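Here are a few notes to read alongside the model. Keep the 3D view open and follow the points in order.

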Amino acid sequence: MSTHWRQRPEGGGYLALWLIRSIGLYGGRRLGRLFLYPVTLYFFLRRGPERRASRAYLSRVFGQPATAWQVLRHIHCFAAVILDRIFLLARGERGFEIETVGVEMLEAHLARGTGVMLIGSHVGSFEVLRALSARKREVPLRVVLNTRQAPAMTMLFDQLAPDIARHVIDGARDPASIVLAMSEAAAQGQMVALLADRGRPGESMRRVPFLGSPAPLPIGPWLLAAALKVPVVLCFGLYLGGNRYRLVFEHFDDGLRLPRRGRRAALEPLLLRYAARLQHYARLAPYNWFNFYDFWDDDGDAADARADDTATAAGDSLVR
């Protein structure tokens, strides 16, 4: 349970993902979903740390010990979302019912031409956002993703949607390069999106209340948002079962301003607000939570924030 999420091997590998892709694209989504049951059982039996992390999280969100059936349902939901990534990237919205909430607010921000930073999480499907962005091709979506964390899945999705892949900002690059790419995208009025609920080993974190206990959240995304000085919008792509998704946009801030002195104190209310929204959606759609590791563990918590300060200083100089 204490193993950091980055130390866990990628599930399935190239062969398994190629098989899922082939079954899904050539056999159809209905056939592909039939294979989710043996896949779910396999991961339930073979991936002990993820199974235990699922049980611990579900016990928190439900307020009582989770059952094996609930854990299976959690894994199955994750597998269904992974399968749907294939169709969302290869075929867009076709075949799906995607309800949107708050999109008018997002469009109002985009109309200003200043760019928008979208803050997501490992709740539901981020690919719903990328598929929906096809409706506004004049406003590209740039997603910050660490392409080295899951190389097999990254390669698969790049093959399915090369146009989308070209707009990815590789989160494995050095911080200054990431900030520069994000700054350039924002300056062109584009949407820049990243996930803000996981920290990398050595990354500066802050603990805030989440589902009954303090949990570490990275401060880097908020430092980047402050460096870009663009509107910040939260987004959640909730899987509702079958072919149904709900994509929710929530206004978070018109443009973060963090003082150089007292910056750490100013970050705390931002993290508290973000954690509160994470908790809201975790309770609303508990099986959509896809952090299969001990989210409350100490392993990801870093005391030294100098690297993040360096990245932020670089970002400040780039976007002035």
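1. Let's begin with helix α10, residues 175-187 (helices are DSSP runs of H or I, at least four residues, numbered from the N terminus). Its 13 residues reach 18 Å from the first C-alpha to the last, close to the 18 Å expected at 1.5 Å a residue (the expected span is 1.5 Å times one less than the number of residues). Its buried residues are I178, V179, A181, M182, S183, A185 and A186; buried means under 20% relative accessible area, with a 1.4 Å probe and protein chains only. Just after α10, G189 has a positive phi of about 75°.

2. A word on the source: this is a predicted model, where local features need pLDDT of at least 70 and side-chain atom pairs count only at pLDDT 80 or more, while totals for chains, interfaces and linings use all residues. Residues are numbered from 1 along each chain as its sequence is written, and side-chain values use heavy atoms, leaving out hydrogens and water.

3. Next comes helix α5, residues 68-91. Its 24 residues should span 34 Å, and its end C-alpha atoms are 34 Å apart, so the two agree. G92 follows α5 and has a positive phi, near 70°.

4. Which residues of α3 meet α5? They are L36, Y37, T40, F43 and F44, and on the α5 side you'll find A68, V71, L72, I75, H76, A79, A80 and L83 (contact means heavy atoms within 4.5 Å).

5. Finally, look at G241 and V81: they sit 160 residues apart along the chain, yet their C-alpha atoms are separated by 9.4 Å.

Technical notes. Helix = DSSP H or I, 4+ residues; strand = E, 2+ residues; numbered from the N terminus. Buried < 20%, exposed > 50% of the residue type's maximum accessible area, 1.4 Å probe, protein only.
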